[in-house]
Amino acid sequence: MKTKFKEGKIIEIFYVEKRGKKIPVIIRYPKKSDVNGIWKFYNKVIKETEFLSRITPVSLKDEKKWVANAIKSMKKGNSAYIIIESDGKIVGSSTVERKSEEVHKHVGGFGIAILQEYTGIGLGRRLMELIEKEAKNMELEIIQLSVYGKNKVAHGLYKKTGFIEAGKIPKLIKRKNSYDDDIIMYKALKK
Ligand SMILES: CC(C)(COP(=O)(O)OP(=O)(O)OC[C@H]1O[C@@H](n2cnc3c(N)ncnc32)[C@H](O)[C@@H]1OP(=O)(O)O)[C@@H](O)C(=O)NCCC(=O)NCCS
């Protein structure tokens, strides 16, 4: 299995325009010492958006376990987790994770989240392109995701990047007594 993962390795550095100012952005693999940054980022992003499945904050202890597992899994070629760093903070991340069932090992589950303040400036699209490359390096054949019906920005981004809608499960999501549909999408990496 090909894997280019190395803790903390920079994938790319570029500038984006945010509120009229050019700011540097680093996209890279995580390292163990990112735990605090990832923890702060994740708890902030789940508070800001209603479109992630987690509602309650993650404890630092659980985040430590999660990051350690993510790094282990990347070393084995079973997942890719890439982060966006700007201004010394983690502001976004995306992941693709090989399914564990024997018959699904060619399939990767996908996730993405960016801090509200950094959305709408092209970072989501770039992260998706990079995570797709990672998925190909992992020799995955299909990327699968699910997106809430009301999440028009993410749904639009997935359609633009070649994901196909397989169907939807009405009212699969229930959050504070308000329902939403769950749309299942996929992209075949091997034709
Ligand atoms: C969904 C998400 C990852 C998109 O990332 P982003 O950095 O805002 O996306 P980009 O800036 O790269 O834009 C991607 C496309 O969406 C469009 N878009 C972005 N923000 C938009 C908005 N507020 N309204 C309409 N379209 C928008 C852009 O025009 C762009 O299309 P283009 O490339 O053809 O110009 C980000 O909004 C996010 O993290 N949201 C919260 C968590 C979430 O919903 N995760 C996905 C769960 S399935």
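Strand 5 (residues 107-114) and strand 6 (residues 142-148) pair in the parallel sense over three bridges, where pairing requires that DSSP finds at least two bridges between two strands. Helices (H or I, at least four residues) and strands (E, at least two) are DSSP runs, numbered from the N terminus. One of the contacts across this pair of strands joins Gly109 to its bridge partner Gln144 in strand 6. Between the two strands the chain passes through helix 3 (residues 123-137), and this β-α-β crossover is right-handed; that is, with the strands pointing away from the viewer, the path from the first strand over the helix to the second runs clockwise. The model is predicted: local features need pLDDT of at least 70 and side-chain atom pairs count only at pLDDT 80 or more, while totals for chains, interfaces and linings use all residues. Residues are numbered from 1 along each chain as its sequence is written, and side-chain values use heavy atoms, with hydrogens and water left out.

Strand 5 also runs antiparallel to strand 4 (residues 89-98), to which seven bridges join it; here Thr95 has Gly111 as its bridge partner in strand 5. Six of the eight residues of strand 5 are buried (under 20% relative accessible area; exposed is over 50%, partly exposed in between, with a 1.4 Å probe and protein chains only).

Which residues touch the most other members of the largest nonpolar core? They are Ile84, Val96, Phe110 and Tyr158, in a core of 48 residues. Such a core is a set of buried Ala, Val, Leu, Ile, Met, Phe, Trp, Tyr and Cys residues joined through side-chain atoms within 4.5 Å. Helix 3 gives the most to this core, with six residues.

The whole structure holds six aromatic pairs. Rings of Phe, Tyr and Trp (its six-membered ring) pair if their centres lie within 6.5 Å; planes under 30 degrees apart count as stacked, over 60 as edge-to-face and the rest as tilted. Phe51 and Tyr148 form an edge-to-face pair, 6.3 Å centre to centre with 80 degrees between the planes. Phe51 lies in the loop between helix 1 and helix 2 and Tyr148 in strand 6, 97 residues apart. Phe51 is partly exposed at 25% relative accessible area, whereas Tyr148 is buried at 9%. The ring centres of Phe110 and Phe163 are 6.3 Å apart and their planes are at 35 degrees, so this pair is tilted. Ring pairs link Phe110, Tyr158 and Phe163 into a cluster.
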